[in-house]
Amino acid sequence: MPQGVLRDHPLPLLPHYLLRPDRGTFRHTLVRLPAVRNPWLRTILENVTRGTLAGLY
């Protein structure tokens, strides 16, 4: 904002929850990556497939 210009509306509120991406989209994106063959990324993919995302975000 330029100097001397006042806002006529308040800033937006912050969300009260953590980011939760869509599991299907997240899984589809991981499967398409060549790096998914790495053990650490394969573990994440298996957890997404089983539906255990607790602790990832």
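The model is a predicted one, and its chain holds two helices and zero strands. Of the 57 residues of the chain, 14% count as buried.

Within α2, the residues Leu41, Ile44, Leu45, Asn47 and Val48 are buried. Seen down the axis of α2, these buried residues fall within an arc of 160°, so they line one face of the helix. An α-helix has 3.6 residues a turn, so residues three or four places apart point the same way. The face of α2 that is turned away from the buried side carries the exposed residues Pro39 and Arg50.

| Side of α2 | Residues |
|---|---|
| Buried | Leu41, Ile44, Leu45, Asn47, Val48 |
| Turned away from the buried side, exposed | Pro39, Arg50 |

What do the buried residues of α2 pack against? They pack against α1, which covers residues 23-32. The largest nonpolar core has six residues, namely Leu30, Val36, Leu41, Ile44, Leu45 and Val48, and α2 gives the most to this core, with four residues. In soluble globular proteins, nonpolar side chains tend to be buried together.

Val48, which lies in helix α2, counts as buried because its relative accessibility is 5%, and the cut-off for a buried residue is under 20%. Val48 and Phe26 are 22 residues apart in sequence, and their C-alpha atoms are 8.2 Å apart in space.

Notes
Residues numbered from 1 in each chain as written. Predicted model: local features only at pLDDT ≥ 70, side-chain atom pairs only at ≥ 80, totals over all residues. Heavy atoms only, no water. Buried < 20%, exposed > 50% of the residue type's maximum accessible area, 1.4 Å probe, protein only. Arc of directions from axis to C-beta. Contact = heavy atoms within 4.5 Å. Core = buried A, V, L, I, M, F, W, Y, C linked by side-chain atoms within 4.5 Å.
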